[in-house]
Amino acid sequence: MLENSFNQLVEEIRNQLKPDEQFTLTLDSEQSQFTRFNHAKVRQTGSVNDGNLQLVLMHNQRSSYREFPFTGDFENDRRTAIQAIASLREEVAQLPENPYLVLPAGNNTSREVHTGQLLNPEAVVSALLPVVTDLDFTGIYAAGSVIRAYADSVGQKHWFATDSYSLDYSLFTPDGQAVKGTLAGSDWDSEAYQARIEESRSQLSRMAQPPKSIQRGQYRTYLAPAALAELASMLSWGGISESSHQQGGSCFSAMRRGEKKLSPKFTLKENFKSGLVPRFNELGEIAPLELSLIESGELINMLTSSRTAKEYGLEANGASEGEGLRSPEILPGDLDHDRILQALDTGLYLSNLHYLNWSDRPTGRITGMTRYACFWVENGEIVAPIENLRFDDSLYQFWGENLIALTNFQEFVPEVGTYGHRNLGGVHVPGMLVENFTYTL
Amino acid sequence: MISELSHFLNVIDVPADWVGLRATKEAATTRSVRDGIPETNGSSLTQGVMVEVLVKGQIGYAATNLITLEGIQAAAQKAYRQAIAASEWNIHSTPISARPKVVGQYVSPLMKPFDALSPGEINDILIKITRELKVSDQIVQTSATALTTETETWFVSTNGSEVYQHFFRIGTDYSATAQEGAIVQRRSNNGWLASCYQGGLEYFITPDLWARVQQVGTQAIELLTAEDCPNETTTLVLAPDQMLLQIHESVGHPLELDRILGDERNYAGGSFVKLQDFGNLVYGSPLMNITFDPTVSGEFASYSFDDTGAPASREYLIKEGVLQRGVGSLESQARTGVKGVACARASSWNRPPIDRMANLNLEPGDQSFEEIIAGIDRGIYMESNRSWSIDDQRHKFQFSCEYAKRIENGKLTKTLRNPNYRSITPQFWSGLIAVGDRSTWQMYGTPMCGKGEPNQAITVGHGSPIAVFANIEVFGGGA
């Protein structure tokens with residue numbers, strides 16, 4: 001029904017258009033349930049029906065946009081769209097020319113609909129909480145349908161709809177140590193949920209000992225996949241963007257200048273094969289199924305949008321306007337799961353990281369905190385959990401000469417963000433073992 | 001809209017103990033220019049209604065952008081079913097007193113309306129800013145942005161509340177990036193999007209605009225040849241545009257009662273502050289006076305009522321260094337027995353209210369800028385945040401600034417680049433040894449304070465004088 005309403009609206013906008021005008025229309029829509037937990041009780045519970053359209057009008061090398069609600073009520077949405085077109089026409093005529101404006105082109109179309117088996121909203125609490133009544137369980141369950149769609153004046157059209165859920169939780173010991181777990185998919189599986197909780201319960205038992213205080217310094221360190229995912233996410237913040245490089249902001253400019261390389265063990269790519277996120281961008285362009293970014297330590301590509309390509313005379317590679325990672329993958333190495341502690345020998349085992357930021361982006365330096373199940377390890381044996389530590393290190397070190405090994409398995413770390421709307425997808429990453437990871441406080 | 005919402009409230013059929021309807025309509029405009037070329041122009045409209053239903057001590061919510069009787073009725077029934085399903089697993093039985101009856105309104109001060117300049121005129125000014133920022137060929141990128149937001153909220157409830165609030169908000173930003181080989185330095189106007197206020201275009205075309213633009217461009221170039229910030233433990237003087245972040249991260253967030261209660265532990269974390277600390281914890285030196293103050297005219301997060309209808313007032317959170325009360329809503333106050341403030345806020349119609357900072361300010365002391373600098377033999381003065389990180393208990397932090405000066409023998413001397421500092425919250429605030437007077441007090445804000453599950457980005461305001469901290473570890477850039 002929403003698809004019909006969207007299609008009707010697209011036709012209406014096409015009919016309203018004058019011959020020398022162009023448009024793109026993108027849709028974000030969701031029907032979501034959010035239930036928030038604390039101490040294995042319900043803190044907040046509710047639902048959100050939301051939809052948002054962005055209409056960009058392009059004329060005479062100028063453009064502007066209007067965002068307005070998509071309610072699914074065609075007459076209502078049609079009225080808003082017509083007002084938006086009139087308002088855009090008036091505004092666009094006043095704006096300065098943009099020589100780098102990219103008009104929609106091509107004939108891409110796609111339609112993907114993934115239906116799932118989600119819990120009935122009223123059954124969520126009784127399905128989740130009885131399993132954790134003896135635990136200090138906190139977190140959020142989010143579920144429902146998410147739609148991303150696109151249409152434009154040259155006839156391109158994409159529709160991506162998916163049912164999905166995510167459970168993002170933490171279990172705490174009485175003195176505040178914690179383990180984290182996530183579960184995500186399209187079909188709720190109560191056995192998988194119970195198994196994941198049992199696994200977390202087992203990890204939590206390791207946290208019972210008093211935490212060990214670690215002095216600042218450099219330590220051999222194992223970063224589990226969730227921790228590596230946090231580091232990888234920084235690359236979307238002006239890291240792997242061609243535009244950022246051109247404007248002096250990228251951490252990889254030193255590689256572009258030929259001054260630095262990463263370890264031959266390190267390979268990063270965009271990989272859309274899992275189909276968890278749409279491949280189309282704000283111009284209806286389809287990203288390649290795979291795009292190599294860093295291969296065996298060498299910079300192969302930066303994410304290049306069509307606008308950036310036009311501005312700097314380059315070739316676009318399907319990147320979105322923001323030139324951030326949409327479906328990243330770091331390739332695995334050869335370290336067996338069972339050999340992680342033995343290979344670490346003596347040092348720190350980090351399950352997760354927290355509140356990362358660039359401390360010096362041009363040199364690739366990132367700071368952040370350890371979080372959740374993090375341990376001091378001696379002679380291949382876990383000795384004790386640690387007190388939180390701050391790290392500050394350069395990716396040219398931990399993905400460069402200090403990278404000892406990557407695990408031979410990857411984990412999928414789902415994207416559970418909900419700013420504005422529920423995010424989709426996630427990152428496929430292995431764990432990694434590094435030498436001399438730098439801790440500062 | 002109040003009468004429409006009241007009509008919905010009278011007609012919808014749910015057997016609840018209390019029902020509240022909060023409608024929000026927000027129109028936001030973004031205009032940005034990079035290197036003299038328009039990058040973004042446009043505006044967004046979002047509107048919808050949050051229905052909250054209280055039954056058996058449990059609130060259920062449902063938010064919809066379909067503002068019709070059918071849409072609201074469907075939302076109310078969903079909210080009711082959610083509340084019933086959760087009521088046996090309730091973390092705390094919410095009393096109706098957490099949603100008091102209140103009637104009133106608020107309108108932001110506004111001198112120069114947003115439509116006093118056309119979109120074309122605003123673009124012309126932004127283009128001129130980017131051109132003026134390019135004071136040298138070593139400036140490789142310039143940008144300028146103006147954001148305006150007009151928000152109206154209406155709140156009605158079955159116990160008689162009727163609140164209307166109308167906010168005009170503006171945020172501006174401009175910056176220049178300078179490069180010489182591998183050295184890249186960026187200087188902005190007080191840190192990224194820190195110039196955020198309630199009001200109109202009077203905060204865009206300010207009397208000092210063009211002088212400040214020239215200064216930002218010149219300082220970006222100056223940083224290229226400046227010395228790196230040294231690694232040492234010293235006296236640190238922070239400008240108000242960095243105190244914005246310092247207050248926010250190391251005072252505001254740790255005092256939120258919902259964090260202390262554990263609601264936030266899975267996302268942004270908890271707090272080193274415990275419930276028993278209120279009334280007696282020595283948080284900082286006696287010079288530390290922090291107020292929660294949504295009454296400051298023009299500050300970014302001013303209001304008369306929070307999103308549950310609680311009337312807002314100025315309150316001391318920390319007085320003469322001692323912790324007085326928490327950033328906790330009526331709901332959190334009922335859960336903890338700790339005094340709080342009117343701070344239950346939601347980012348929009350599609351999110352439920354949670355404990356939030358509004359304006360959180362460091363109150364001024366009695367020394368001028370010149371007097372403070374003159375009293376320091378050796379130290380470092382830093383301006384404008386560029387990087388921030390703090391642990392999940394709001395304890396160990398590391399912040400970076402854009403621009404710094406050495407202080408030697410009572411004078412500001414050499415410019416320093418890549419200034420960073422790190423410390424631990426209680427130690428840091430205990431080292432507060434001087435606070436600037438009202439002449440040094442400036443207010444800033446940000447629209448991007450993130451918190452909550454589901455996530456919410458909200459507006460906050462922070463005002464501060466310059467402040468001096470003893471024995472702080474500072475360091476420079478480089479790998």
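Select A:P19 first, in the loop that connects α1 (2-16) to β1 of chain A; helices (H or I, at least four residues) and strands (E, at least two) are DSSP runs, numbered from the N terminus. A:P19 counts as exposed, at 86% relative accessibility; exposed means over 50% relative accessible area, buried under 20%, and partly exposed in between (1.4 Å probe, protein chains only).

The model is predicted: local features need pLDDT of at least 70, side-chain atom pairs count only at pLDDT 80 or more, and totals for chains, interfaces and linings use all residues. Residues are numbered from 1 along each chain as its sequence is written, chains are lettered from A and ligands numbered from 1 in the order in which they are written, and side-chain values use heavy atoms, with hydrogens and water left out.

**Strands of chain A**

Next, select β1 of chain A, residues 21-38. Of its 18 residues, 16 are buried, so the strand is largely enclosed by the rest of the structure. Strands of a sheet pair through backbone hydrogen bonds, either parallel or antiparallel; here, two strands pair if DSSP finds at least two bridges between them. β1(A) runs antiparallel to β2(A), to which 18 bridges join it. To see one of these pairs, display A:F34 and its bridge partner in β2(A), A:G46. The two strands form a hairpin with two residues between them, and A:H39 in the turn has a positive phi of about 50°.

β1(A) is also joined by 14 bridges to β5(A) (residues 136-152), again in antiparallel fashion. There, A:L27 stands opposite A:A149.

**The largest cavity**

Two or more lining residues come from each of β2 (41-59) of chain A and β3 (58-64) and α7 (330-336) of chain B. The space in this cavity is about 140 Å³, a volume being the space filled by probe spheres set on the points, which are joined across faces, edges and corners.

**Chain B: a hairpin and a sheet**

Move to β6(B) (residues 162-180) and β7(B) (residues 183-188), which run antiparallel and are joined by six bridges. B:E180 stands opposite B:I183, and B:G181 in this hairpin takes a positive phi near 60°.

Then colour the open sheet of four strands in chain B, whose order is β13-β12-β11-β16, with antiparallel pairing. Its edge strands are β13 (322-323) and β16 (360-362), each pairing on one side only. Three bridges join β11 (residues 290-292) to β12 (residues 315-319) of chain B, and B:F292 stands opposite B:E315.

**A final stop**

Finish at B:S368, in the loop between β16 and α8 (369-374) of chain B. Is this residue buried or exposed? B:S368 is buried, with a relative accessible area of 16%. Leaving aside neighbours within four places in sequence, B:S368 is in contact (heavy atoms within 4.5 Å) with B:D437 and B:T440.

Note on methods:
1 Å grid on protein atoms, 1.4 Å probe; cavity = no way out; pocket = protein on both sides within 12 Å on 5 of 7 lines; lining within 4 Å.
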